[in-house]
Amino acid sequence: MVTNPVRYLYPIAPAPRRRIALWTVLVLGLALLATLVVLNASANPPNAAEVRIQGWVGELQSDRLTARRHNAQRELEKAGKDAVPALTVALRSDNAVLRRNAADMLGFIASPLAIPNLQYTLANDSTPAVRRNAAWALGEMDSFVPFHDLQRAALLDTNALVRETAQDSLARMRTRLALSAGIDERELNSYAVAPTSRDVIYAATRRNLVITRDGGKTWSTLENALPSMASVLVVSPTNALTLYAGIDSLGMYKSVDGGREWHAINDGLDIPAGARYVISAITVDATEPQRVLIATGVLVGTSKVELVPTGIRRSDDGGMTWKVMQTQVREPVTQLAVKGNQVFALAGKQVMVYRLS
């Protein structure tokens, strides 16, 4: 039997043409659909409520609190979260007055929807007054997500008013946390939010560690988990289960299981016998997670107790060993941060800067 070579080599020759035809129909159909979407969008302009909101936002360009601007602010606050999209657009305006007043309004509305835009504004806006209002607005949110943004601004912002406002917002956040966790704020020694998962928060009260893993909706307690009172608590920037704590009179402790077990890491700290040794600040370098820096001090006095700073120490092996980095510290350090090759230390309202190496 002779096989037809043409049929053998090209048994379904018409198929490619059918596929081309189908693709042509599909492409034309998609193009038509895209055209209809565009036409539909242009045929549906903003509704009346959106137009009113945009008009009120426009009044925020006034630097003076005129009757029109006052009325606009009142109406925007009534509109609530419906006004957030227009206000977040205003945060990107070329008009600094509009940006400042928009940040202010977002704080009054206090919708969590505004948090990402306010975080960006706090970190990047060129006008201090705008950053200051963003710091205040983030402190008004019923959320612990902005914790690290406010901490950075409280220490690293170049403007003193922005730093002070960020500190005030952190204080309000502390009050809300105590209320959420059912803790007497006077007994809340320290707290920390996990950088890798900001729904995970640890709060130290007496020897107890109170924990939430859902942003404060529910809390659980590890009773007597801490060796003693924790003056400072920090979570690793790479692992939400790794914690560092400054323990009253006992030095530095570390947990790698979310606070259930703690181990002393004091090699090189030279804790003076009989003294009330204090760790007043801790930071973990996000770019080098094994690099940990602490500020130390000693409490002296009886009727009037005073914290005398003894310097800043660093560890490059996750706290296993420590070495002196700086001894010339005149005031107690309450916050530390590493940025590039510099260490920033907050003492009172002053920010001191040291070279890391």
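**Exercise 1. Which residues of H4 are buried?**

Solution. This is a predicted model, where local features need pLDDT of at least 70, side-chain atom pairs count only at pLDDT 80 or more, and totals for chains, interfaces and linings use all residues. Residues are numbered from 1 along each chain as its sequence is written, and side-chain values use heavy atoms, without hydrogens and water.

Step 1. Buried means under 20% relative accessible area, exposed over 50%, and partly exposed in between (1.4 Å probe, protein chains only). Helices (H or I, at least four residues) and strands (E, at least two) are DSSP runs, numbered from the N terminus.

Step 2. List the residues. Arg69, Ala72, Gln73 and Leu76 are the buried residues of H4. They cover an arc of only 100 degrees around the axis, so they sit on the same side of H4. The arc is taken from the directions from the helix axis to the C-beta atoms.

Step 3. Look at the other side. There, Ala67 and Lys78 are exposed.

**Exercise 2. Check the span of helix H4 (residues 67-79).**

Solution. Step 1. The expected span is 1.5 Å times one less than the number of residues.

Step 1. H4 has 13 residues, so it should span 18 Å. Its end C-alpha atoms are 18 Å apart, which agrees.

Step 2. See what comes next. Gly80 follows H4, and its phi is positive, near 65 degrees.

**Exercise 3. Describe the aromatic pair of Phe147 and Tyr191.**

Solution. Step 1. Rings of Phe, Tyr and Trp (its six-membered ring) pair if their centres lie within 6.5 Å; planes under 30 degrees apart are stacked, over 60 edge-to-face, and the rest tilted.

Step 1. The search of the whole structure finds 2 aromatic pairs. In the pair of Phe147 and Tyr191, the centres are 5.3 Å apart and the planes 55 degrees apart, and the pair is tilted.

Step 2. Phe147 lies in helix H9 (residues 147-156) and Tyr191 in strand S1 (residues 188-193), 44 residues apart. Phe147 is buried at 6% relative accessible area. Tyr191 is buried at 11%.

**Exercise 4. What do the side chains of Arg172 and Glu140 form?**

Solution. Step 1. A salt bridge needs a side-chain nitrogen of Lys or Arg within 4 Å of a carboxyl oxygen of Asp or Glu.

Step 1. Arg172 and Glu140 meet in a salt bridge at 2.9 Å, N to O. Arg172 is in helix H10 (residues 160-181) and Glu140 in helix H8 (residues 128-140), so the pair ties together parts 32 residues apart in sequence.

Step 2. Arg172 is partly exposed at 25%, and Glu140 is partly exposed at 30%.
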